[in-house]
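Please consult the sequence and the structure shown here.

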Protein chains: 2
Amino acid sequence: MKGKISLAHGDGGELAHQLVREVFVEAFGHEEQARWDAALLPLEGGDVAISTDSFVIKPLFFPGGDIGKLAVSGTVNDIAVSGAEPRFLTAGFILEEGFPVEDLRRIARSMAEEAKRAGVRIVAGDTKVVERGGADGLFVHTTGIGRLRPDRRLHPEQIREGDAVIISGTIGDHGIAVLAARGEMGLSPGLFSDCASLSGMISELLSSVRGVRIMRDPTRGGLATALVEICEDFRVTVQLDEAALPVRREVRGACDIFGFDPLYLANEGKVVLIVAQEDEEKVVKLLRGHPLGREAAVIGRVTGREQGRLLLRSTLGSTRRLSRMSGMMLPRIC
Amino acid sequence: MKGKISLAHGDGGELAHQLVREVFVEAFGHEEQARWDAALLPLEGGDVAISTDSFVIKPLFFPGGDIGKLAVSGTVNDIAVSGAEPRFLTAGFILEEGFPVEDLRRIARSMAEEAKRAGVRIVAGDTKVVERGGADGLFVHTTGIGRLRPDRRLHPEQIREGDAVIISGTIGDHGIAVLAARGEMGLSPGLFSDCASLSGMISELLSSVRGVRIMRDPTRGGLATALVEICEDFRVTVQLDEAALPVRREVRGACDIFGFDPLYLANEGKVVLIVAQEDEEKVVKLLRGHPLGREAAVIGRVTGREQGRLLLRSTLGSTRRLSRMSGMMLPRIC
């Protein structure tokens, strides 16, 4: 199968069948019990984590990844930061008439590779085609299902004063890499997105440390928005230390010129954790020992309860309150 | 929250938070353990059924339903026909900048109502916004997770000669209703889509009858495509009796004029079953006793194994082989 996607690839008939067989089943593999439209799979009882995401990133291919890799790792990370082991993934595709079949195949293979790396199986899917102009190329949707091991359950209700806030590496790489890949704002490409599945690193961490209270992947809205949500949801005050934030030189440069704040830029391969003080050194060490966490750092601390505020102590020594992102207008970053 | 969707509603910041709270949490309810971006839920162990679908139907509102009702019932039905009880649903939304918030609220409420009817909970979701012209209004993705009760497992490998093929009601209603609602081909509106969740009816059936070998919901591609897939997958030959097919007068009229074949038109509230001969009367009676199965009928029979063919005995007495749909070109029907 070559050429371009036509409306008939989406009508549920012969061509749709061929597309599934030659592109998706070819890439994702095929197991007897896993039909494309509804899979039956064994799952141990207990609590399951379920997460879903749509991906509309532009461009589809960017330094460090593509929409397929992102659609797998994005959903895998949502499951992993809840403390669960990602197990199964579903994938839905909305294709614009005229989309190159070869690009679709490349994206499907990229998803298959990333799923393998992340230890999940893509077990069911769906394809729809809209007329030319009805969508912009390709949108991907993934849903993940994971199992929560009772001995690895996180306990955000135990967050207390003195707990450390840790980030697994540099912030803002994905946001700036994608803007540069779009050729927007005259940014020169060269920076790579951090797009990666964190399930392996998080699993190693949770099997060795008990003091992880909560984790989040700071994607859209950036690190600040993810932490504001934790502060509000669990009524804790967190103070970040600006000087401790790991930011690449290229990201800082782009932010200085264009007025972005790295705290609000999207990351796609980072985890922020709140960790009991007695475990913070161990966590940083474990993260730094993993290829995806080499630049892990303690970036702040829980300074109080009952207030639900995120504070930033600047490099100049002043302290200000941070809010959720508002009005940044960086569409289609994921 | 009123007005129109802006790009800022999709950036993960303050407005995105407000949209989730005021539209989706308001409609779907909110439970402590079910966060919008990753829900943790209890599930008994055993086999689970997982299915995913994207919905790009045009128009968004049509007689008998809307994209929200369809997105819930479509995925619920995929789970139900696998023999599982649908339990959890996730929902992803891709919105075009400028989409009316009021329409989104109406669609979210419609999803909530249909989820209640179908006995499922919408437990996680996601919203993305693309710039004007980047998508056509609204696309919805749903993923469903169900539990397969061991005593209700289907046994397609037991299909044998003489088994009855049963449809739960008239075919083609959804296809023609949507074409009419689009104002295409001068069809006058008036016909209603059959869009409905079949989980309740199917659950009642499976709790009383053991002889159901396999079920499918004949959506895109219609009844013929669904049966061709069964014939190929399980190497059986099925012969349909054209005279026995329940087709509404209005659907037959539209097909006569425009050259459609009701066997290839989409249904969104029908199930086709292959049933042991000794149970066929009981199944038809049970289906007819349910509001969604009043026009259930035996429409054919398994006439052999090992061949994988679907045959149609016409009203004139001749017999021909049916293929998957090919080249019908009815885009955005679901």
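Buried area is the accessible area (1.4 Å probe) that two parts lose on being put together, summed over both. By that definition, about 1800 Å² is buried between domain 1 of chain A and domain 2 of chain A, with carbon and sulfur atoms giving 59%.

This is a predicted model, in which local features need pLDDT of at least 70 and side-chain atom pairs count only at pLDDT 80 or more, while totals for chains, interfaces and linings use all residues. Residues are numbered from 1 along each chain as its sequence is written, chains are lettered from A, and side-chain values use heavy atoms, without hydrogens and water.

**Domains and contact**
- Chain A comprises domain 1 (39–152) and domain 2 (156–322), bounds that come from an automatic or database domain assignment.
- The C-alpha centres of domain 1 and domain 2 of chain A are 24 Å apart.
- Contact (heavy atoms within 4.5 Å) involves 21 residues from domain 1 of chain A and 23 residues from domain 2 of chain A.

**Contributions from domain 1**
- P63(A), V81(A) and R152(A) supply 33% of the area that domain 1 of chain A buries against domain 2 of chain A, more than any other three residues.

- Zero salt bridges are counted between domain 1 and domain 2 of chain A; the criterion is a side-chain nitrogen of Lys or Arg within 4 Å of a carboxyl oxygen of Asp or Glu.
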